[in-house]
Amino acid sequence: MAEQKKKKGLKGYYLTTFLIGLGFFTMGLMDPLYDTYVPIFLSKFIESKGLIGSIMTLDNILAIFLIPIFSAISDRTRTPIGRRMPFIIICLPLTAVAFGLIPFSALNSLWMLIVLVFILNIFKQAARGPVVALMPDIIPGELRSEANGVINTMGGIATIVGTIGLAQLMNVHVNLPGRGPTNNILAFPIASVLVILAAVLLLIFIKEDKSKYDQAEEKEEKVPILKSIKHIFGEEDKSAMFILLSLLFWFIAYQGVLPFVGLYSTDVLGTSSGTAALAAGMVGVAYAIFAIPSGIIAHKHGRKKTIRRALACLVVILMLVFFHDPLTAGFSPMIRQLTFWALLFCFGIFWVTVVTNSFPMLWQMADYRTMGIYTGLYYFFSQLASIISPPITGTCIDIFGFRSLFVFAAACMLVAFFLMSKVRRGEPEDDPVALEP
């Protein structure tokens, strides 16, 4: 009887979760295009891969401060349209405008490109935390792995649209005044239009539950943000700390590979500019297909166990990618590309398994008052990884060659695997951390 009730409740939340996923759709649409083509734009001005990796961390430096701050502020925001929605409907459209202008700035100067990237990320990172925290506000704790699977499916679909669909438009020449036919332009402004459309749909169809305001109002002022964070790290059970350290290392691995996979495709495999994004696109396809199943598997077998198994598989896959180039050197370029994409597809299967179930583990430790704080901490550590990793992997490429980044990523995934063994909480049956006023 209880199982039937659970299944009925899950079905009842699918449409709402899908609509919330529109917020993730906007991020999934922009991020792979950004990560694939901004390094390519920068390479027109800069030869050093290490310096390119360092510049790619500028957005992450902003994110490490802005996401936790705006996530926590949204916890305490009270408006007629909700506590998360004001940040979404203001910041996402502004993000879209800046994103659409990036390829045009790259036609002019390095400094104009860097300035626009800076402006873009101010608005994008201000919106990201509230977008993510919207889901656990609405979805019950026991259903968040499955719900996060639906949301990650939306992100995966966006990645497919961006990397397999829109990225092909980078090969299309656009007639620009004073420049004539110019490529590497069209995907960005079209993506911007889709981001604005997604923000409008979110505003129309998602209504936050403001009835919870009164329930949290009395206690809210007695638990300041800094005291809440201190309590989280000071509790006797260190599960939250070990999850955060684990995700630091697996994001160091992921962010070490992601910014350079497009350049690896063009420099090592000899793909075209438009085809370069298909490597990341394979990860997006896997996201779309396996996000929901990964949440269901974790619901049946446990979140921790599912994550650790996925991390072990990621170590193996990254080592296979390391050996891919020498093992396929005698094959045709098409075979080399297809096998590389197949490995990245497998990478995407287990990566989405980790991402889908790690956030719900943290959310399980939060209550309504601290949902944004936990969301901000997740992004603090993930963005810290984004700052640490690209300069290291870029320097490794300069010294040891492109393949070294896959060994580095495998080692980081292995560290995360062992750190996760120390996590004791975060399953659906566990209670949130109790905050004392």
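What follows is a short tour of the cavities and the residues around them.

The model is predicted, so local features need pLDDT of at least 70, side-chain atom pairs count only at pLDDT 80 or more, and totals for chains, interfaces and linings use all residues. Residues are numbered from 1 along each chain as its sequence is written, and side-chain values use heavy atoms, leaving out hydrogens and water.

A cavity is a set of points on a 1 Å grid over the protein atoms alone where a 1.4 Å probe fits but cannot get out, and lining residues have an atom within 4 Å of a point. Points are joined across faces, edges and corners, and a volume is the space filled by probe spheres set on them. The count is five cavities of 30 Å³ or more.

| Cavity | Volume | Top contributor to lining |
|---|---|---|
| Largest | About 800 Å³ | H1, seven residues |

Helices here are DSSP runs (H or I, at least four residues), numbered from the N terminus. Around the largest cavity sit 39 lining residues, with Asp31, Arg128, Tyr254, Gln255 and Tyr287 nearest its centre. Helices supplying at least two residues each include H1 (2-43), H5 (110-138) and H16 (371-400). This lining has 21 nonpolar residues, 13 polar and five charged (Ala, Val, Leu, Ile, Met, Phe, Trp, Tyr, Cys and Pro count as nonpolar, Asp, Glu, Lys and Arg as charged, the others, Gly among them, as polar).

The second largest cavity is lined by Tyr254, Val257, Leu258, Val261, Ala279, Ala280, Val283, Leu344 and Phe347. H10, H13 and H15 each give two or more residues to that lining, whose nine residues are nonpolar, with no polar and no charged ones.

Technical notes:
On a 1 Å grid over the protein atoms alone, a cavity is a set of points where a 1.4 Å probe fits but cannot get out, and a pocket is an open set with protein on both sides within 12 Å along at least five of seven lines; lining residues have an atom within 4 Å of a point.
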